[in-house]
Amino acid sequence: MVASPNRSDLLVAITSANSIVVPDTKGLPASFRVGERLPSGARLLRVDPRSGEAETDRGLIRLE
């Protein structure tokens, strides 16, 4: 399932197997690790650098 991402859940970059960059509440790039909550409130569960996807408790977000 691919969720319709919120503006804050647009995946900007994957920095490691457990870290991503998404816009913060001000729209600036911010790094988040697995287990942390994104600005939208979704919890980051898994990062797959190979596929360019990150899984949250609300669905998948893809690298744009």
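In which sense do strand β5 and strand β6 pair, and over how many bridges? Strand β5, residues 53–56, and strand β6, residues 59–62, pair in the antiparallel sense over four bridges. Two strands count as paired if DSSP finds at least two bridges between them. Strands are DSSP runs (E, at least two residues), numbered from the N terminus.

This is a predicted model, in which local features need pLDDT of at least 70, side-chain atom pairs count only at pLDDT 80 or more, and totals for chains, interfaces and linings use all residues. Residues are numbered from 1 along each chain as its sequence is written, and side-chain values use heavy atoms, with hydrogens and water left out.

**Confidence.** The pLDDT is the predictor's confidence in each residue, from 0 to 100. Its mean over the chain is 89, and 88% of the residues reach 70 or more. Over residues 1–5 the pLDDT is below 50, and this stretch has 10 contacts in the model beyond near neighbours in sequence. A contact means heavy atoms within 4.5 Å.

**The sheet.** An open sheet of three strands has the order β4-β5-β6, with antiparallel pairing. Its edge strands are β4 and β6, each of which pairs on one side only. A hairpin of two residues joins β5 to β6. Two residue pairs across these strands are listed below.

| Residue | Partner in β6 |
|---|---|
| Glutamate 55 | Leucine 60, bridge partner |

**The core.** The largest nonpolar core has 10 residues: Leu11, Ile20, Val22, Ala30, Phe32, Leu38, Leu44, Val47, Ala54 and Ile61. At least two residues of this core come from each of β2 (19–23), β3 (29–33) and β4 (44–48). A nonpolar core is a set of buried Ala, Val, Leu, Ile, Met, Phe, Trp, Tyr and Cys residues joined through side-chain atoms within 4.5 Å. Buried means under 20% relative accessible area, exposed over 50%, and partly exposed in between, with a 1.4 Å probe and protein chains only. Leaving aside neighbours within four places in sequence, leucine 44 is in contact with Ile20, Phe32, Arg33, Val34, Gly35, Glu36, Ala54, Glu55 and Thr56.

**A loop residue.** Lysine 26 is found in the loop between β2 and β3. This lysine 26 is exposed, with a relative accessible area of 71%. Lysine 26 and proline 39 are 13 residues apart in sequence, and their C-alpha atoms are 9.8 Å apart in space.
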